[in-house]
Amino acid sequence: MRKTGGEIEEEVYDLIDKSTIKTNISGELYREGMRPLNAETEDAVVSFLTGLDGQIQTGVLNLNLYVPDIVSNNLTVKNTSRCTELEKLVNSFIQSHSVSGDYYFELDKTIQTYKAEGIEQHFVNCRIKFQLSTF
């Protein structure tokens with residue numbers, strides 16, 4: 001049965017909610033648009049980006065893990081060690097869940113960390129390609 005973007009996002013959210021990603025962050029897991037704008041916690045956000053219909057649905061999901069910056073020498077800077085740790089955790093999750101139920105996952109691009117504009121946080125970004133058998 002074909003699924004909508006919202007259904008796919010929800011099912012992947014549920015997979016992440018039961019994973020080591022959820023248990024290794026100090027904050028919460030959210031779907032797109034649900035993370036509070038003033039959040040200062042280490043949170044994960046999953047969102048559906050794009051998909052193609054067919055007997056095998058394909059597309060891309062986005063997973064961002066927000067990491068508060070730290071103070072070093074009176075400057076607010078990226079928490080490099082924590083970001084690297086979370087990059088490895090997400091990479092391990094994708095590898096261990098390459099086949100999960102009806103889903104097949106692989107990376108769409110290299111996992112990396114970016115500065116979150118306007119807030120004193122960085123985020124680990126993972127673009128996940130998926131295939132979903134609809135028959």
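Predicted model: local features only at pLDDT ≥ 70, side-chain atom pairs only at ≥ 80, totals over all residues.
Which residue takes a positive phi in the hairpin of S8 and S9?

Residues are numbered from 1 along each chain as its sequence is written, and side-chain values use heavy atoms, with hydrogens and water left out.

**View A. The largest nonpolar core and its contributors.** Welcome to the inside of the model: the largest nonpolar core holds 26 residues. A nonpolar core here is a set of buried Ala, Val, Leu, Ile, Met, Phe, Trp, Tyr and Cys residues joined through side-chain atoms within 4.5 Å. Buried means under 20% relative accessible area, exposed means over 50%, and partly exposed lies in between (1.4 Å probe, protein chains only). Ile16, Ile21, Leu63 and Leu65 have the most contacts inside this core. At least two core residues come from each of helix H1 (5–17), strand S2 (44–52), strand S3 (56–68), helix H3 (80–96), strand S7 (103–107) and strand S9 (121–133). Helices (H or I, at least four residues) and strands (E, at least two) are DSSP runs numbered from the N terminus. H3 gives the most to the core, six residues. In soluble globular proteins, nonpolar side chains tend to be buried together.

**View B. Leu63 and a second core.** Contact means heavy atoms within 4.5 Å. Setting aside residues up to four places away in sequence, Leu63 touches Ile16, Ile21, Ala44, Val45, Val46, Val90, Val124, Asn125, Cys126 and Ile128. A second, separate core has five residues, including Tyr30, Tyr66, Ala116 and Phe123.

View C. Of the 13 residues in S3, 10 are buried, so the strand is mostly covered. S2 and S3 run antiparallel and are joined by eight bridges, with Thr50 partnering Val60 in S3. Strands count as paired if DSSP finds at least two bridges between them. The hairpin of S2 and S3 has three residues between the strands, and Gly54 in the turn has a positive phi of about 155°. S3 and S9 also run antiparallel, joined by 13 bridges; here Asn62 has Arg127 in S9 as its bridge partner.

**View D. Leu49 on strand S2.** Leu49 is found in strand S2 and is partly exposed, with a relative accessible area of 40%. Neighbours within four places in sequence aside, Leu49 is in contact with Val60, Leu61, Asn62 and Arg127. Leu49 and Asn74 are 25 residues apart in sequence, and their C-alpha atoms are 38 Å apart in space.

View E. A salt bridge is a side-chain nitrogen of Lys or Arg within 4 Å of a carboxyl oxygen of Asp or Glu, and a search of the whole structure finds 10 of them. Glu9 pairs with Arg31, their closest N and O atoms being 2.8 Å apart. This pair links distant parts of the chain, with Glu9 in helix H1 and Arg31 in strand S1 (residues 29–31), 22 residues apart. Glu9 counts as buried because its relative accessibility is 9%, whereas Arg31, at 26%, counts as partly exposed. Arg35 and Asp43 form another salt bridge, at 2.9 Å from N to O, and both residues are buried.

View F. Arg82 and Glu85 form a salt bridge with their closest N and O atoms 2.7 Å apart. Both lie in helix H3, three residues apart, about one turn of the helix. Arg82 counts as buried at 16% relative accessibility, while Glu85 is partly exposed at 46%. Salt bridges that share partners join Glu42, Arg82 and Glu85 into one network.

**View G. The hairpin of S8 and S9.** Here is the turn from the opening question: Gly118 takes a positive phi near 85°, in a hairpin with four residues between the strands. Strand S8 (residues 112–116) and S9 run antiparallel, joined by five bridges. Thr113 has Val124 in S9 as its bridge partner.

View H. Ile70, Leu75 and Val77 make a nonpolar surface patch of about 230 Å². Patches are made of residues with over 30% relative accessible area and no salt bridge; like charges are joined within 9 Å and nonpolar side chains (Val, Leu, Ile, Met, Phe, Trp, Tyr) within 5 Å. Accessible areas come from the Shrake-Rupley method with a 1.4 Å probe, and for residues only the protein chains shown count as cover. Ile70 is found in strand S4 (residues 70–72) and is partly exposed, with a relative accessible area of 35%.
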